[in-house]
Amino acid sequence: MQDNNYTNQTQYNDYEIAVIGAGGIGSHLVSALIPALHRGGLLESTKRITVRLYDSDTVTEENLAHQRFTYDDVGMHKVTAIERSMCPFTGARLRVVACPWDVRDASDMTPADLIVVAVDSAEARRVVHSSGTTFLDLRCLGDGYIAFDSSVDPDFVDGMTPDQPARSCQHEDAISSGNIEFGFILAAAHGAQWVLQSLRWMTGQTLALPPYPQTANITFGTLSRLPEDEQKLEPQGCVKPKIHTSNLVDPCFDTGDYDSGVVREHISGLAKKRRWQDIWQIGDRLLREVSVLTDAEGKIYIDIGTSGEVRMSPPQGAKVPFKLWIHSHPRDAYWSSTDRDTIGCYTGLLQRAVVLGHDHYKMTRQTESPAASLEPEGPLSSWTSEPTVLYADDPPTLSRNGRIKEEEE
């Protein structure tokens, strides 16, 4: 059904879109985007959409294996060849403008409403990142890609944009051997979708939803989401363990005051006593995931997330290596892609991790040569793959005086 939810139906604007790079990603992105834009309500709600395509390269026969060109294009500037191929779809309201030069400075570009950088140039990326314009930064190698956009934490983007030599989106010898990998098409599809949905939002279609910044792979699917700026987490101090009585804890649950000091102390106390199923039940009652991190000195840090995710705040004053990370899932315990990313990032800084389910848990430990590992290669190859354990088969250990022992320190 067509979305006619416009908030600015009488306001018709010009929209400028810049696409930097006309190779594996850029050529496919524009070739998908322009036909999608050339008719329908979105174009009719604008005065004009201009897509400016920047790249100084010319088409070679080697490019034909994975870029959207033909033998007739060989020797032409890539941007000119794409502009020519899009002529059946362009007109007074929709233009493609070939800009056969590279972007090395902000002055190399016409001011734009949206910018997509699809070229392996740290210099061009930094120009875009510092432009103050809504942007998408697409990168790919082999069958995988990464998509950053303006919503991502700028410190994270800076850290992922070091000075390094440019390289092809294909692995070495891929073209000569015929082993073409298609991550560039995945990246181009993300980019075309991002531009179209961003334009819908800018024209007042409030139901528009651009794809989330992420890293993905054709073989393995979505690998992780990227940290968003508006969700930057503030450092959290440790929480004193104290198991409170139900008459203190229950009112917090009933009123939705899940982040109160009483609830945090209670969860910390349950973790100290190794009452993991009770922690899961709190998360289930709150309809939120719960995270507990224990540092090298036994200090405990608590985070409470949403129904589908819990993100750990920077543990202020914590000492590494962390002894234990516990977190709950809504029902079943398993190592999600987000969990694996977190564990991989904490390799060398974390000794054990536990994910809690409704009547069971799973544990992994970091060790040099595990009998079975979470993954055969990479940082997760040093983490054990262990069977699911029922809480009923692994109750908290009692001390000689009959009290529940605290989690080992």
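Two strands pair if DSSP finds at least two bridges between them. Helices (H or I, at least four residues) and strands (E, at least two) are DSSP runs, numbered from the N terminus. This is a predicted model: local features need pLDDT of at least 70, side-chain atom pairs count only at pLDDT 80 or more, and totals for chains, interfaces and linings use all residues. Residues are numbered from 1 along each chain as its sequence is written, and side-chain values use heavy atoms, with hydrogens and water left out.

**Sheet**
- Strands β4 (residues 114–117) and β5 (residues 134–141) run parallel, joined by four bridges.
- Isoleucine 115 has phenylalanine 135 in β5 as its bridge partner.
- Eight strands make an open, mixed sheet, ordered β3-β2-β1-β4-β5-β6-β7-β8.
- At the edges lie β3 (94–99) and β8 (221–225), each pairing on one side only.

**Helix α9**
- Among the buried residues are Val263, His266, Ile267 and Leu270.
- The buried residues of α9 pack against α8, α10, β9 (290–294) and β10 (300–304); contact means heavy atoms within 4.5 Å.
- Just after α9, arginine 274 has a positive phi of about 65°.

**Helices α8 and α10**
- Asp250, Phe253 and Asp254 in α8 meet Ile282, Arg285 and Leu286 in α10.
- Helix α8 (residues 246–255) packs with helix α10 (residues 276–286) at about 35°, axes 10 Å apart.
- Axes are lines fitted to C-alpha atoms, for helices over the stretch in contact; angles run from 0 to 180 degrees between N-to-C directions.

Conventions: Buried means under 20% relative accessible area, exposed over 50%, partly exposed in between (1.4 Å probe, protein chains only).
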